[in-house]
Amino acid sequence: MTDAAAPFELAQVNISRLRFPLDSPELKDFVDALDPVNADAEAADGYVWRLQSEGGDATDIRVFGDDWLIVNMTVWRDADALTAYMYQGRHREMLARRREWFERVREAMTALWWVPAGHRPTVAEAEARLLHLRAHGPTPYAFTLRTSFPAQGAEPVSFELPEDLGCSA
């Protein structure tokens, strides 16, 4: 569901480095939750699109040529729609458990950027946005939820995240 009049939509990419193989017992809860969490996203207000392979998720799509990285990429109406989904329900529960499944990484693993309505970003595009964010910090080209930019890229916009999640955005 998108607002047909909106000229831009918000793309987001999130990559994570696995602590264990996807078929390991340690990742069973994560893998079992993928379909329900993806269904929740697709039903969320403001959801537009998500990257997926023929298997219905993106766990077998390579990013940065690294088999231990998994990618999640979605497009949303705006940051409000994305955050409303991220910090509630099953997705919030998964966020709370992420340290069980994924390594802690110091570099930016999440980036956001505006795309023309109807554009579906590629993995290569997401990699470029992440690398730009790592090199230059938040800019209109690639930014974070904490320091975001309007679709026209004019001025940064601050956004408050729930403190009790302990995640960096």
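This report describes the strand pairing, the helix packing and the surroundings of one glutamate in a predicted model.

**The sheet**

Four strands make up an open sheet in the order β2-β3-β1-β4, with antiparallel pairing. In general, the strands of a sheet pair through backbone hydrogen bonds, either parallel or antiparallel.

Strand β1 (residues 8-17) is joined to β4 by 7 bridges, and the two run antiparallel. Within this pairing, A11 stands opposite W113 of β4. Strand β1 also pairs with β3 (residues 69-76), in the antiparallel sense and over 8 bridges. Here Q12 has T74 in β3 as its bridge partner. Strand β4 (residues 110-116) is mostly covered, as 5 of its 7 residues are buried.

**Helices**

Helix α1 lies across β2 and β3 and runs at about 140° to β2.

Helix α3 (residues 89-96) has H91, M94 and L95 as its buried residues. Viewed down the axis of α3, these buried residues fall within an arc of 100°, and therefore they line one face of the helix. An α-helix has 3.6 residues a turn, so residues three or four places apart point the same way. The buried residues of α3 pack against α1 (28-43), α2 (79-86) and α4 (98-101). The face of α3 turned away from its buried side carries E93 and A96, which are exposed.

Residue E125 belongs to helix α5 (residues 123-136). Is E125 buried or exposed? With a relative accessible area of 17%, E125 falls under the 20% limit and is therefore buried. Apart from its neighbours within four places in sequence, E125 is in contact with W113, V115 and H119. The side chain of E125 makes polar contacts with the side chains of two of these residues, W113 and H119, as tabulated below.

| Side chain | Partner side chain | Polar contact |
|---|---|---|
| E125 | W113 | 2.9 Å |
| E125 | H119 | 2.8 Å |

Residue W113 connects the two parts of this description: W113 lies in β4 opposite A11, and its side chain makes the 2.9 Å polar contact with that of E125, a residue of helix α5.

Notes: Residues are numbered from 1 along each chain as its sequence is written. This is a predicted model: local features need pLDDT of at least 70, side-chain atom pairs count only at pLDDT 80 or more; totals for chains, interfaces and linings use all residues. Side-chain values use heavy atoms; hydrogens and water are left out. Buried means under 20% relative accessible area, exposed over 50%, partly exposed in between (1.4 Å probe, protein chains only). A polar contact is a pair of N or O atoms within 3.5 Å; within protein, one must be able to donate a hydrogen and the other to accept it, and residues adjacent in sequence count only if both atoms are side-chain atoms. Contact means heavy atoms within 4.5 Å. Two strands pair if DSSP finds at least two bridges between them. The arc is that of the directions from the helix axis to the C-beta atoms. Axes are lines fitted to C-alpha atoms, for helices over the stretch in contact, and angles run from 0 to 180 degrees between N-to-C directions.
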